[in-house]
Amino acid sequence: MTTPAHHPETLSIPVPRDYLLHRDACSYGYFLLAPNHWNPHTLSLHRTFTLDNQPVKGLIWQGPRPAFSTVPIRSIPRGSSLTVALESTLSDAQRRELSDQVHRMLNLHEDHTVVRSFHRADPRFKASGRARLFRSPTLFEDVIKTVTSCNVAWPSTIIMNKRLCEVVGEGGAFPTSAQLARTRVATLRARCSVGYRDQRLIDLAKLFYTNQIDEAHLTNPKTTDDEVLDFLIELPGIGPYAAANILQLLGRYSHLPLDTESVRHGRTILGFKGSSAQIMKKVKAHFAPMRQHTFRSYWFEMWEFYEAKRGKSWTWDRETTGKTFTASALKDEGLGPKKPKPAKRRGSSN
DNA sequence: GGTAGACCTGGACGC
DNA sequence: GCGTCCAGGTCTACC
């Protein structure tokens, strides 16, 4: 690990009063994908950002400075500011850009009132405080990561993202839309192991690079979730699952990205019977009463299952535990039909 | 609108 | 070590 002493520039970022970095960053699988590197011993997140088209290595921690030894959870005061330490000095514009990216990645704009609203809807997660979901510093990275997670086992997604950073990105950063748009199809397939996704990834990068994806419109509260979903599903390589996943990565939690993981969860944990299609419908109906919190309720129920098998997510290592947390990797480890206490439902009784 | 088959890769498995 | 099979979501052609 790089020590903070080698960082000439540090930023302090205030967070919501209930915020805990180890809990709220390690809340979605993307925290395990390059260029993100979570250190489970020092409870800090290392990643190379792209600021004003320059790769800048950064380290994020909460509370006291991380040392080489293990940091005890109790030493981190809830809601204490984050420190972002960088390996090079930044311009004012780069500092603002970095702050925006960290806010998006860690969902820092979701204050305790948003969290409380979710916990009123699903009190099962009040004690742990789970509510915020990790995502990427940019929508472009989230879209590309989602495509690399489709029709593939999780370890392959890890490989694709690692190679995209090594081969296409500069200085270990995630590729920019410009870099990916000008990459040859054959390079992507041969060196990044993306398979048939090669052309689709380049087409998506071109759409972002030529400003044909209006992020402001997609995040505008006046735009409905269904309108966003309809737009996303028209993009190359984006089907119903990917569109719903990007929807949640846009901070819209009303829909479920239903995949084989959902079917396994429905079958083994919720006890649903029937074909995969029938189980997907039942899972969808099961969580629908959560309305705008549907995905959070679904996701944290699954996340708790993963943690029951693999330990708390902030103890996962990218190279070991982080490769095996999905249900497909756990399927031979005695998935019982043990049914969790059902969530208290609010809203519609449909 | 629903469905079958192709698309790739890496891991599991059998020999 | 090698060959075969399988899992995974999207896309296209077809009914």
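Visitor: Which backbone oxygen does the side chain of Thr183 reach?
Guide: This is a predicted model, so local features need pLDDT of at least 70, side-chain atom pairs count only at pLDDT 80 or more, and totals for chains, interfaces and linings use all residues. Residues are numbered from 1 along each chain as its sequence is written, chains are lettered from A and ligands numbered from 1 in the order written, and side-chain values use heavy atoms, with hydrogens and water left out. A polar contact is a pair of N or O atoms within 3.5 Å; within protein, one must be able to donate a hydrogen and the other to accept it, and residues adjacent in sequence count only if both atoms are side-chain atoms. At 2.7 Å, the side chain of Thr183 reaches the backbone oxygen of Gln179.

Visitor: Is Thr183 buried or exposed?
Guide: Thr183 is found in the loop between α6 (177–181) and α7 (185–192). Helices (H or I, at least four residues) and strands (E, at least two) are DSSP runs, numbered from the N terminus. Buried means under 20% relative accessible area, exposed over 50%, partly exposed in between (1.4 Å probe, protein chains only). Thr183 has a relative accessible area of 15%, so Thr183 is buried.

Visitor: With which residues is Thr183 in contact, leaving aside its neighbours within four places in sequence?
Guide: Contact means heavy atoms within 4.5 Å. With those neighbours left out, Thr183 touches Val168, Leu188 and Ile202.

Visitor: Against which helix do the buried residues of α3 pack?
Guide: In α3 (residues 112–121), the buried residues are Val115, Phe118, His119 and Ala121. They cover an arc of only 160° around the axis, so they sit on the same side of α3. That arc is taken from the directions from the helix axis to the C-beta atoms. The buried residues pack against α14 (294–310).

Visitor: Why do Phe140 and Phe174 count as edge-to-face?
Guide: The structure holds 17 aromatic pairs. Rings of Phe, Tyr and Trp (its six-membered ring) pair if their centres lie within 6.5 Å; planes under 30 degrees apart count as stacked, over 60 as edge-to-face and the rest as tilted. The centres of Phe140 and Phe174 are 6.5 Å apart, and the pair is edge-to-face because their planes stand at 70°.

Visitor: Which helices hold Phe287 and Tyr298?
Guide: These two form an edge-to-face pair, 5.6 Å centre to centre with 85° between the planes. Both Phe287 and Tyr298 are buried. The pair ties together parts eleven residues apart in sequence, because Phe287 lies in helix α13 (residues 276–287) and Tyr298 in helix α14.

Visitor: Which element gives the most to the surface near DNA strand C?
Guide: A polar backbone atom of Gly237 is 2.4 Å from a phosphate oxygen of DNA strand C. Two or more residues of that surface come from each of α11 (240–249) and α12 (260–268). With three residues, the element that gives the most is α11.
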